[in-house]
Amino acid sequence: MWLLMAVLSAVFAGVTSILAKCGIKKTDSDVATALRTVVVLAFSWMMVAVTGSYTPLGQLETRSLVFLVLSGLATGASWICYFKALSIGNVNQVVPVDKSSTVLTVLLAIVLFRETANLAVKLVGTALLAVGIYLMVEKKPAQEKKAARGWLVYAVGSAVFAALTSILAKLGVRDVASNLATAIRTGVVLVMAWAIVLMKGKGPQIKSLDGRELGFIALSGLATGASWLCYYYAVQHGVLSVVVPIDKLSVVVTVAFSYFVFRERLSRKALAGLGLMVAGTLLMAVFA
């Protein structure tokens, strides 16, 4: 079941990137992140109610609660960087760099959680992922670099915080139902996202939002909520160094949709990189 949940997490995450890109053409990325989080939070708590997995916060272990809060802060930072990168770069540029969090997460899982079974397979798979990511980062002409300056910095920041999110979440969901853990983390992200919007004075922009983009932002939030619920079930019940690479196969879904929706085509080099990423992921999923 946890393998199936990891696959579903990848599908929903891939759709999330496309919907989010459609929702931030005119809308500020910080505002979009804050609005999406409202949808994700509502969806998360609805699932807690439906599954009956609620436990009063006072009854949770302090250790678990602290790690969940830290995981939420890392998630918020990752989202802010990710959607800022999406707003100034192409989907096919940003997503592969963001997925480089897989490499860091797998290595940390091996060290911190002693997930050393089939270590050689995991290391080979991780190496394939790293090379594939490098090949997928397309070099742009000088004029385009100047126009889109900064997307790589934000994408790298997104990857680093995403890796921390997975590690901290693994530590925080050991004794907490995955649905409840998702809802708690999302609450932290919500506070962080809206605090940034207010501190930057972007609150008034909400009144002039484009209705169509608002719809895409809401759908993106629902897809994110579904992805999170599947992902943290898989994290709780499965092997982290296997779950994370499968989840990152969302890049395949994203690339496919970006081709049809945004007409963003990959070069042969980038296609080779995508192939290596898929090969590395499948290697770890099947043999690790």
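Q: Why is Leu 107 called partly exposed?
A: Leu 107 has a relative accessible area of 38%. The scale calls a residue buried under 20% relative accessible area, exposed over 50% and partly exposed in between (1.4 Å probe, protein chains only). Between the C-alpha atoms of Leu 107 and Lys 122, which are 15 residues apart along the chain, the separation is 8.9 Å.

Q: What kind of model is this?
A: This is a predicted model, in which local features need pLDDT of at least 70, side-chain atom pairs count only at pLDDT 80 or more, and totals for chains, interfaces and linings use all residues. Residues are numbered from 1 along each chain as its sequence is written, while side-chain values use heavy atoms, with hydrogens and water left out.

Q: How do you know where confidence is lowest and where it is highest in the protein chain?
A: The guide is pLDDT, the predictor's confidence in each residue, from 0 to 100. The protein chain averages 85, and 95% of the residues score at least 70. Helix H7 (residues 142-147) has the lowest confidence, at a mean of 48, and helix H9 (residues 178-199) the highest, at 91. Where pLDDT is low, the predicted coordinates should not be read in detail.

Q: What makes helix H11 largely enclosed by the rest of the structure?
A: Helix H11 (residues 240-247) has eight residues, and eight of the eight are buried, so the rest of the structure largely encloses this helix. Among them are Leu 240, Pro 245 and Asp 247.

Q: How do you know that the structure holds a cavity?
A: Rolling a probe the size of a water molecule over the atoms shows where empty space is left. On a 1 Å grid over the protein atoms alone, a cavity is a set of points where a 1.4 Å probe fits but cannot get out, and its lining residues have an atom within 4 Å of a point. The structure holds one such cavity of 30 Å³ or more. The volume of the largest cavity is about 430 Å³, counted as the space filled by probe spheres set on the points, with grid points joined across faces, edges and corners.

Q: Which residues lie nearest the centre of the largest cavity, and how many line it?
A: The lining has 24 residues, and those nearest the centre are Trp 79, Asp 98, Trp 228, Asp 247 and Lys 248. Helices H1 (2-23), H3 (62-88), H8 (151-172) and H10 (211-237) each supply at least two residues of this lining.

Q: What makes up the lining of the largest cavity by class?
A: Eight residues are nonpolar, ten polar and six charged. Ala, Val, Leu, Ile, Met, Phe, Trp, Tyr, Cys and Pro count as nonpolar, Asp, Glu, Lys and Arg as charged, and the others, Gly among them, as polar.

Q: Why is Ser 78 called buried?
A: Its relative accessible area is 7%, so Ser 78 falls under the cut-off for buried. Ser 78 is part of helix H3. Leaving out residues up to four places away in sequence, Ser 78 touches Ser 158, Phe 161 and Ala 162, where contact means heavy atoms within 4.5 Å.

Q: Why does Phe 216 count as buried?
A: Phe 216 has 17% relative accessibility, so the label is buried. Phe 216 sits in helix H10. Beyond four places in sequence, its contacts are Leu 19, Cys 22 and Gly 23. Cys 22 also counts as buried, at 10% relative accessibility.

Q: What makes the phi of Asn 118 worth a look?
A: Most residues other than glycine have a negative phi. Asn 118 is not a glycine, yet its phi is positive, at about 50°. Asn 118 lies in the loop between helix H5 (101-112) and helix H6 (119-136), and is partly exposed at 41% relative accessibility.

Key
On a 1 Å grid over the protein atoms alone, a cavity is a set of points where a 1.4 Å probe fits but cannot get out, and a pocket is an open set with protein on both sides within 12 Å along at least five of seven lines; lining residues have an atom within 4 Å of a point. Helices (H or I, at least four residues) and strands (E, at least two) are DSSP runs, numbered from the N terminus.
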